[in-house]
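Subject: Structure for you to look over

Hello,

Here is the structure I said I would pass on. Please open it beside this email while you read.

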Amino acid sequence: MLDIALLPGEYAVCRMAAGSALPPTLPGGLSDGDVVTVSWTADGISLICPADRVPEQAAVETAWRCLRVAGPLDTAVSGTLAALVDPLAAARVSVVAFSTYDTDYLLVPAVRLGEATTALERAGHRVLA
């Protein structure tokens, strides 16, 4: 069983052109519990952030809710993401997953949050709002 925290507010999944600069204000001033993650590739920049912090030049898909696995997790432990993604896939809930050094995160569509939390709880996890 995993404890999973529902982070407040909505999140956005964004795409920026390769070589774009992130606004200097993006990481600054995050509220307690907020998370921002950035991935750079030759094809572009992918950004996940609170919906109210989306850069103006980004292509945006919004209305995601963010779930954080209570951590820190031991990097030697395997199967954590599978234990979360499998019940969501069975419930046909779309997922965007990402990890930090300490823990794992899942984004689920805001309109499917109830179904997502039900699926996770039926799988034995505890979702804390």
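Below are the notes on helix packing, strand pairing and backbone angles.

This is a predicted model, in which local features need pLDDT of at least 70 and side-chain atom pairs count only at pLDDT 80 or more, while totals for chains, interfaces and linings use all residues. Residues are numbered from 1 along each chain as its sequence is written, and side-chain values use heavy atoms, with hydrogens and water left out.

Helices here are DSSP runs of H or I with at least four residues, and strands are runs of E with at least two, both numbered from the N terminus.

Helices

Helix α1 covers residues 80–90 and helix α2 covers residues 113–122; they pack at an angle of about 125 degrees with their axes 9 Å apart. That makes α1 oblique to α2. On this scale, angles under 35 degrees are roughly parallel, over 145 roughly antiparallel, 65 to 115 roughly perpendicular, and the rest oblique. Axes are lines fitted to C-alpha atoms, for helices over the stretch in contact, and angles run from 0 to 180 degrees between N-to-C directions.

On the α1 side, the contact is made by L84, P87 and L88, and on the α2 side by A116, A119 and L120 (contact means heavy atoms within 4.5 Å). By class, this contact has six nonpolar residues, with no polar and no charged ones. Ala, Val, Leu, Ile, Met, Phe, Trp, Tyr, Cys and Pro count as nonpolar, Asp, Glu, Lys and Arg as charged, and the others, Gly among them, as polar.

Strands

Two strands pair if DSSP finds at least two bridges between them. Strand β3 (residues 37–41) and strand β4 (residues 44–50) are paired antiparallel over five bridges. T41 has G44 of β4 as its bridge partner, and a hairpin joins the two strands, β3 and β4, through two residues.

Strand β6 (residues 96–99) pairs with strand β7 (residues 104–109), also antiparallel, over four bridges. F98 is bridged to Y105 in β7. The hairpin formed by β6 and β7 has four residues between the strands.

Backbone angles

Most residues other than glycine have a negative phi. A63 is not a glycine, yet has a positive phi of about 70 degrees. A63 sits in strand β5 (residues 59–69) and is partly exposed, at 29% relative accessible area. R92 also has a positive phi, near 60 degrees. R92 lies in the loop between α1 and β6 and is exposed, at 70%. Buried means under 20% relative accessible area, exposed over 50%, and partly exposed in between, with a 1.4 Å probe and protein chains only.

Regards
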